[in-house]
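Welcome to this guided tour. Open the model in your viewer, keep the selection tool handy, and follow along one stop at a time.

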Amino acid sequence: MRITTTVDGTSYTDDVEPRMLLVQYLREKLGKVGTVVGCDTSNCGACTVHMDGQSVKSCSVLAVQADGREITTIEGLSADGQLHPVQQAFHDSHALQCGFCTPGMIMQAVDLLKENPDPDEEEIRAGLEGNLCRCTGYQNIVRAVRAAADKMQPSAAPEAETSREPVGASMPSEVAQS
Amino acid sequence: MIPAAFDYVVPATVDDAVRELHDAGDEAKVLAGGQSLLPVLRMRLAAPSKIVDIGRITELRGVRDAGDHIVIGATTPHHEVQHNQLVREHALLLALATETVADPQVRHLGTFGGALAHADPAGDLLAPALALDCTFVVAGMDGRHEVPASEFFVDYFTTALRPGELLLEVRVPKYTGWRAHYEKFNRVAQAWSICGVAAAVRVDNGTIAEARVGLTNMSSVPVRARGVEEALVGQQASPEVIKAAAARAVDGTLPTADGNADAEYREHLAKVLTERAVTAACS
């Protein structure tokens with residue numbers, strides 16, 4: 001079946017088998033190997049990407065389901081050589097050990113901050129419940145997400161990801177000042 | 001793993017979808033969000049020859065007000081159900097249970113109707129749908145008909161849907177002003193309920209005027225805890241009353257033993273979680 005998707009800002013048209021998984025399509029057809037396959041059972045979240053601006057586990061989506069949709073992977077997050085604030089925060093907070101869960105953690109953290117720009121620790125942990133880190137690195141991951149939230153206040157640098165609704169845009173001003 | 005090969009069709013209308021399902025007989029599987037189906041296909045626990053993707057049929061998605069009830073379209077994603085104002089106002093229990101389904105990524109794609117039609121006894125939406133007396137609207141080649149929740153769930157992963165039939169929407173009576181709580185016990189890394197309790201109450205001046213309680217994973221199908229409901233109605237919402245009522249949570253259950261819990265432990269959980277759920281709902 002022929003599908004057309006926009007991945008990290010570029011439009012692609014390909015013939016795919018209906019059974020091809022989105023993560024397979026991204027890695028094997030498009031070479032977007034920044035998105036990794038972790039558990040292959042939809043538990044771990046390492047393969048998280050955004051589809052039409054919402055986080056999904058790309059090992060549990062058929063490529064044909066993505067026809068006509070916009071995909072953002074970890075490779076499309078930075079802009080103009082600048083890391084996305086969440087990527088930078090993971091770097092600064094040393095929020096990884098082996099790094100395998102990191103692409104999915106970052107993509108889910110971006111989704112979480114879009115929905116809740118000022119999360120407390122409990123909300124961050126709940127927002128990342130679908131992402132597993134087997135190095136037990138959660139402490140610094142939570143710290144990084146919180147640090148990114150501070151950086152991404154509306155007064156800070158503009159959001160890098162070109163989503164329809166930029167992160168922080170809908171944040172009430174009283175939250176923004178806290 | 002990669003799923004076995006299948007034919008894939010994307011009907012644009014309910015009629016087209018029903019025709020595709022009818023033509024394939026029991027060889028077809030319906031794909032809504034795919035969050036239960038894809039893992040099953042990948043593990044090759046199922047290898048249907050045809051997948052009918054109903055995810056692009058716009059009339060199946062969304063929540064609407066229909067007077068004395070609300071209607072939730074079968075392909076409405078969990079994320080939409082949990083945040084929908086109509087659901088939160090008139091069927092809070094469904095919103096609260098939906099919040100506990102899987103994780104954010106799965107809730108973005110997984111659908112309300114898909115989870116109910118999948119009928120996993122550990123799924124969190126079955127017990128609330130039963131407790132709230134929902135009605136399931138089903139389409140087949142011979143037209144549309146309604147199935148009450150009490151008849152929809154037949155056995156493990158088995159519903160009243162026959163081959164060639166499609167779940168269109170779920171009608172939920174309005175429980176405006178009721179309070180609710182969904183309490184579940186699960187492994188941290190896996191959101192399936194080992195046991196779960198769905199409780200909705202209408203409290204009038206400190207007295208429990210009406211109560212609905214449903215149990216998750218205490219049988220092959222969701223169980224309505226009528227003994228608990230009877231013990232609550234007309235009583236003050238006191239800790240003693242709730243504890244005594246919760247003791248009846250295992251009436252009519254037939255819990256299984258599996259790697260997570262044996263039957264006796266599930267019975268213990270049902271009582272403890274019922275007490276917590278009703279307490280939280282009343283407070």
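**Stop 1: a leucine in chain B**

Start by selecting L132(B), which is buried because 23 other C-beta atoms lie within 10 Å. A residue is called buried if 20 or more other C-beta atoms lie within 10 Å of its own, exposed if 12 or fewer, and partly exposed in between, with C-beta atoms placed from the backbone.

Before we go on, a word about what you are looking at. This is a predicted model, in which local features need pLDDT of at least 70 and side-chain atom pairs count only at pLDDT 80 or more, while totals for chains, interfaces and linings use all residues. Residues are numbered from 1 along each chain as its sequence is written, and chains are lettered from A and ligands numbered from 1 in the order in which they are written.

Back to L132(B): you will find L132(B) in the loop between α8 (126-131) and β6 (135-140) of chain B. Helices (H or I, at least four residues) and strands (E, at least two) are DSSP runs, numbered from the N terminus.

Which residues is L132(B) in contact with, leaving aside its neighbours within four places in sequence? Select A91(B), L93(B), L94(B), V172(B), P173(B), Y175(B), A200(B) and R212(B) to see them. Here, contact means that the C-beta atoms of two residues, placed from the backbone, lie within 7 Å.

**Stop 2: the domains of chain B**

Colour chain B by domain: domain 1 (7-53), domain 2 (58-173) and domain 3 (179-282). These bounds come from an automatic or database domain assignment. Taken over C-alpha atoms, the centres of domain 1 of chain B and domain 2 of chain B are 18 Å apart. Where they meet, domain 1 of chain B contributes 13 residues and domain 2 of chain B contributes 21 residues. On the domain 1 side, helix α1 (residues 14-24) of chain B supplies the largest share, 5 residues. That side of domain 1 of chain B holds 6 nonpolar, 6 polar and 1 charged residues. For these classes, Ala, Val, Leu, Ile, Met, Phe, Trp, Tyr, Cys and Pro count as nonpolar, Asp, Glu, Lys and Arg as charged, and the others, Gly among them, as polar.

Next, select residues 1-177 of chain B, which an unreviewed UniProt entry annotates as "domain: FAD-binding PCMH-type". UniProt positions are given in the numbering used here, feature names are shortened, and annotations may be inferred rather than shown by experiment. Over residues 1-177, chain B is 34% helix and 25% strand, and the end C-alpha atoms are 47 Å apart.

**Stop 3**

**Stop 4: strands of chain A**

Of its 178 residues, 47% count as buried.

Zoom in on strand β3 (residues 48-51) of chain A. T48(A) and H50(A) point one way, V49(A) and M51(A) point the other way, and all are buried. β3(A) pairs with β4(A) in the antiparallel sense over 4 bridges; strands pair if DSSP finds at least two bridges between them. One pair to pick out is T48(A) with its bridge partner K57(A) in β4(A). The hairpin of β3(A) and β4(A) has 2 residues between the strands, and D52(A) there takes a positive phi near 50°. β3(A) also runs antiparallel to strand β5 (residues 70-72) of chain A, joined by 2 bridges, and M51(A) stands opposite I71(A) in β5(A).

**Stop 5: confidence**

Finish by colouring by pLDDT, the predictor's confidence in each residue, from 0 to 100. Chain B averages a pLDDT of 97, and 100% of its residues score at least 70. The model scores ipTM 0.95 and pTM 0.93.
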